[in-house]
Amino acid sequence: ASACAAVRRHVPDAVCVWCSWEPPSHDGRPWRPRNFRSRLFTVRKYMVRRLAVDAGLGVLQTDTDAVWFVNPFRLFNHPALNEYDVIVQRDSPLANAGVFFVRRARPGSGAAFVVSDLFDRLRRMTGDREDVLREIQAVVPSARSVPPKVDNEQLHLNDVLLGAVIGQRVWHSSLLRLLSFGETPEELAARQAATRAALARMQRRGRPVHLNGTGGGLPPFLPPCGDPLLAGRSYPIRDVDAGDAG
């Protein structure tokens, strides 16, 4: 509340909302995020889900250190981008979780899945260390510790996007890499090859990306626009330069 009051002193007509939401407690204990970053990552993705999925609004999330010199909605609504429901800032290895735009996130849609699954991962990976370790062990039973960046929203977003491409939920960036998971050389090589192939499909300019619609119940990102692959469909994901929008 004090932050909103400070904003309005400088910008009187600013719309400012302070979120007091906290995840449900574990075993009657309060939610205890390890630091402000954990709280910020989780709460802001909760707000995005509430606004985009529950309220059906188009939502642009932007980091406080991002500066917009022009109205970005002119670009988002241009025919070059208007068909896309999720627009992200490029970053390593795929996308930045601090600046992205989501719209038409109807329940059951691909956009709703991306927002909801990202929030759910962050909710599970923040809070009391014992609770987080229990969540990690549900994915990696051999885990014995909580990695320091397990609550990093960007690592989780990239896994959500990658999983949608290869058709199964993955924890490559957010857990396995952080834990140095003890795979056999053959398993490691196979996973790395699948990851490289999926990244190549996502980053290839102007070519369709194939999403497996069955693995993990993953829905498509966008309306179908190509031939099916396995149980999935084809969806165009390509880089669009600002110049393409005129």
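Visitor: Which residues is valine 150 in contact with, leaving aside its neighbours within four places in sequence?

Guide: Valine 150 is in contact with Arg34, Met125, Val132, Ile136, His156, Ser174, Leu175 and Leu178. Contact here means heavy atoms within 4.5 Å. This is a predicted model, where local features need pLDDT of at least 70 and side-chain atom pairs count only at pLDDT 80 or more, while totals for chains, interfaces and linings use all residues. Residues are numbered from 1 along each chain as its sequence is written, and side-chain values use heavy atoms, with hydrogens and water left out.

Visitor: Why is valine 150 called buried?

Guide: Buried means under 20% relative accessible area, exposed means over 50%, and partly exposed lies in between (1.4 Å probe, protein chains only). Valine 150 has a relative accessible area of 0%, so it counts as buried.

Visitor: How do you know whether cysteine 4 is buried or exposed?

Guide: Cysteine 4 has 4% relative accessibility, so it counts as buried. Cysteine 16, at 22%, is partly exposed.

Visitor: How do you know that the span of helix 4 agrees with its number of residues?

Guide: The expected span of a helix is 1.5 Å times one less than its number of residues. Helix 4 (residues 110-124) has 15 residues and should span 21 Å; its end C-alpha atoms are 21 Å apart, so the two agree.

Visitor: Which residues form the largest nonpolar core?

Guide: A nonpolar core is a set of buried Ala, Val, Leu, Ile, Met, Phe, Trp, Tyr and Cys residues joined through side-chain atoms within 4.5 Å. The largest one has 11 residues: Phe41, Leu94, Ala95, Ala97, Phe113, Val114, Leu118, Leu122, Leu157, Val160 and Leu161. Helix 4 gives the most to this core, with 4 residues.

Terms used: Helices (H or I, at least four residues) and strands (E, at least two) are DSSP runs, numbered from the N terminus.
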